[in-house]
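Please read the points below alongside the sequence and the model.

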Amino acid sequence: MTPGLTRRPVSFPPVLGTVVRTRVRIGLRRIGAARARHPIRTTIQGLTLVVAGLMVAASIALLSRSLFTAVPAADQHLIVAAALAALLSAGFIASSSAALQSIYLASDLPFLLTLPIPLIVTFSSKFVETLAGTLPIGFIGFWFITGYATTSARPLLTLAIGSTVLVAYLVVLTALGIVMVAGIARVVPAKRAWTVLGILSLSIVALLGVWWATIERAGTSTPIANVEIDETVQFGTASLVANLLLAGAQVEQTPLAWAGRVIAGTDGPAAVIWWNGSLFAALAIVSTGVAWWLFAITFSTGTSGFRAASAPAPRPSRPIARWTGVALSYLPGHLATLVLKEWITMFRDSRRLTGALWPLGSILVYTINLSRGAPDMTDPAGWGFWQSIGPVILLPWAASLGTAAYVVGSEHRGIHLLRALPIDGQLLLGAKVIAGIVPVFTLTTVAAILVAVSNDATPVQLGIVVLCMVWSSVGFVTLDTCASALAPNFLTDQVQRSLRLKGRIYSLFAGAVFAVGTALVVTWVIIALEGQPAAIRDLEIPSLAGFDPLGWPLALAGVAIGGGIIVTSWKIGVRRLDWVLSGES
């Protein structure tokens with residue numbers, strides 16, 4: 001330190017408030033700048049987001065109200081505990097991936113370390129940033145609690161207490177995510193850290209998926225003592241209530257039940273709220289303290305390790321390297337180089353790998369839940385198989401939303417290097433689409449084959465399932481890659497934020513249109529293979545100009561819808577990438 005200069009002591013709360021306010025102001029100014037450049041478009045996007053959010057919120061609240069009105073007040077805490085347990089898998093993935101990106105891989109970390117502020121202030125600001133990654137979980141939880149509050153005698157008090165408990169629940173999830181990442185940084189070499197993090201996260205998801213699949217399989221056949229379900233509700237809701245009650249009974253001795261008793265206890269004795277609330281608050285405080293302790297002792301080694309970590313040097317003698325070289329040899333030179341660059345970046349960039357935890361988790365859950373054996377065959381035989389395996393055909397959509405939708409925005413500063421290369425938007429888009437199709441198709445097809453085999457698929461059915469996965473993988477990856485080119489965000493460290501709102505809206509819209517076309521084509525294939533079921537035959541659909549409307553016209557309509565949205569999206573993506581590569585973005 002320079003003689004004569006002293007370091008002024010800083011106070012923790014004011015400095016933390018300054019850091020948080022600065023981040024909020026940066027976000028608001030970015031929104032203001034976007035609105036100034038495109039006022040009409042920004043207003044339409046905002047209104048669309050509000051309307052869509054309100055529709056989702058109303059659906060969650062109505063479902064929650066129907067669940068709680070179906071059970072007595074004394075057992076409603078079981079529904080809350082089961083709902084919190086169901087959110088754990090998504091919460092673990094969100095918090096762990098956000099902790100890795102916000103703490104160890106954030107670009108502003110070196111700047112924060114140069115400021116004369118205590119390390120706990122840096123931790124607190126990063127804790128809040130990681131907590132923001134669980135906001136989707138908080139959105140679902142808040143409206144679930146709102147639906148329950150409408151059934152309570154004191155709705156405002158229930159909503160206030162429920163919101164407080166929900167914040168504590170998100171704090172616990174965030175702390176657990178930081179503990180997981182910091183613990184891995186402490187005991188695992190940085191080169192293997194993401195692999196271990198992915199295995200742990202997916203193992204937790206798999207365990208929760210197996211647990212829920214076991215509960216669904218048990219269904220209402222497992223009696224729950226002293227619990228009555230209102231049979232006047234719809235059959236689907238009654239079945240869900242039975243499953244939630246059984247799940248809640250199994251976690252009744254865990255901290256999730258503490259939160260459930262607090263939220264559902266506003267109409268009961270105050271002592272129940274105080275006791276269980278104190279226990280859950282203590283859990284939040286202790287978990288946050290443990291997260292801070294691990295962060296403090298692993299910060300320097302973890303940060304340097306994660307930043308210095310790189311994949312092993314390529315070894316051409318390895319089988320994967322040889323197979324990759326052979327596969328790429330059939331592509332034109334520039335295209336093969338860009339595809340190889342995408343694969344290298346995809347498997348070396350820790351940010352993109354953490355973003356892939358979401359689709360991997362969804363594939364894992366679907367595989368577990370759908371692998372239960374074929375149900376009773378309906379008329380005609382074979383339709384039961386397709387009814388049980390139908391959702392698998394949309395697995396590439398889930399995988400693509402977590403991978404291909406971020407491929408352009410996740411370039412970050414690498415986009416300047418791409419601008420210096422003699423390539424155009426069509427070549428770059430084609431390379432990203434090809435690079436994205438291979439992992440999505442491989443993972444989802446393996447899952448689909450496992451589900452089909454577990455449902456006693458015939459060789460013909462298995463072959464059709466694989467063809468459907470080819471169609472879905474190509475379509476959804478192409479659409480989401482084009483959406484990522486439509487509205488990329490190169491300025492963020494969080495891979496989940498590398499696609500702007502306009503791109504997300506277009507991705508969901510185009511995916512929904514393609515899903516409709518896919519459904520029409522698959523329906524035609526199944527009818528041609530298995531015949532029409534009794535439910536369709538009873539409709540006595542008239543012929544269309546002498547042709548069966550469920551024959552080739554159905555397939556033609558599906559191909560036209562699916563192919564049309566792909567061609568339209570491709571043209572949009574190429575035009576936008578040409579604009580980005582020109583340096584005008």
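The numbered points that follow go from the overall fold to selected residues.

1. The model under review is predicted. Its secondary structure consists of 24 helices and zero strands. The protein has 585 residues, and buried residues make up 46% of them.

2. Contacts and surface may be taken together. Of the contacts between residues at least 6 apart in sequence, 82% join residues at least 24 apart. The accessible surface of the protein comes to about 28,600 Å², and carbon and sulfur atoms account for 70% of that area.

3. The largest nonpolar core contains 68 residues, and Ile 79 and Tyr 169 have the most contacts inside it. Helix α8 (residues 155–187) supplies the largest share of this core, with 16 residues. A second, separate core has 29 residues, among them Leu 428, Ala 435, Ala 485 and Val 580. As background, nonpolar side chains in soluble globular proteins tend to be buried together.

4. Which residues does Ile 79 touch, once its neighbours within four places in sequence are left aside? Ile 79 is in contact with Phe 68, Val 71 and Phe 144, and also with Val 241, Leu 244 and Leu 245.

5. A nonpolar patch lies on the surface and is formed by Val 286, Val 290, Trp 293 and Ile 297. Together these residues have about 370 Å² of accessible area. Ile 297 is found in helix α12, which covers residues 270–308. The relative accessible area of Ile 297 is 32%, so this residue counts as partly exposed.

6. The count of salt bridges comes to five. A network of salt bridges links Lys 341, Glu 342, Glu 411 and Lys 432. Glu 342 is buried, with a relative accessible area of 2%, whereas Lys 341 is partly exposed at 24% relative accessibility.

7. Lys 432 takes part in two of the pairings described here, the one with Glu 342 and the one with Glu 411. In the salt bridge between Lys 432 and Glu 342, the closest N and O atoms are 2.5 Å apart. Lys 432 lies in helix α20 (residues 425–454) and Glu 342 in helix α14 (residues 333–348), so this pair ties together parts that are 90 residues apart in sequence. Both Lys 432 and Glu 342 are buried.

8. For the salt bridge between Lys 432 and Glu 411, the closest N and O atoms are 2.7 Å apart. Glu 411 belongs to the loop between α18 (395–402) and α19 (414–419), while Lys 432 is in helix α20, so the pair ties together parts that are 21 residues apart in sequence. Glu 411 is buried, as is Lys 432.

9. Does the length of helix α22 (residues 501–530) agree or disagree with what its residue count predicts? At 1.5 Å a residue, its 30 residues should span 44 Å, and the end C-alpha atoms are 42 Å apart, so the two values agree. Just after α22, Gly 531 takes a positive phi of about 90 degrees.

10. Ser 569 lies in helix α24, which covers residues 552–581. Ser 569 is buried, because its relative accessible area is 0%. With neighbours within four places in sequence left aside, Ser 569 is in contact with Leu 479, Cys 482, Tyr 506 and Ala 510.

How values were computed: Residues are numbered from 1 along each chain as its sequence is written. This is a predicted model: local features need pLDDT of at least 70, side-chain atom pairs count only at pLDDT 80 or more; totals for chains, interfaces and linings use all residues. Side-chain values use heavy atoms; hydrogens and water are left out. Patches are made of residues with over 30% relative accessible area and no salt bridge: like charges are joined within 9 Å, nonpolar side chains (Val, Leu, Ile, Met, Phe, Trp, Tyr) within 5 Å. Accessible areas come from the Shrake-Rupley method with a 1.4 Å probe; for residues, only the protein chains shown count as cover. A salt bridge is a side-chain nitrogen of Lys or Arg within 4 Å of a carboxyl oxygen of Asp or Glu. Helices (H or I, at least four residues) and strands (E, at least two) are DSSP runs, numbered from the N terminus. Buried means under 20% relative accessible area, exposed over 50%, partly exposed in between (1.4 Å probe, protein chains only). A nonpolar core is a set of buried Ala, Val, Leu, Ile, Met, Phe, Trp, Tyr and Cys residues joined through side-chain atoms within 4.5 Å. Contact means heavy atoms within 4.5 Å. The expected span of a helix is 1.5 Å times one less than its number of residues.
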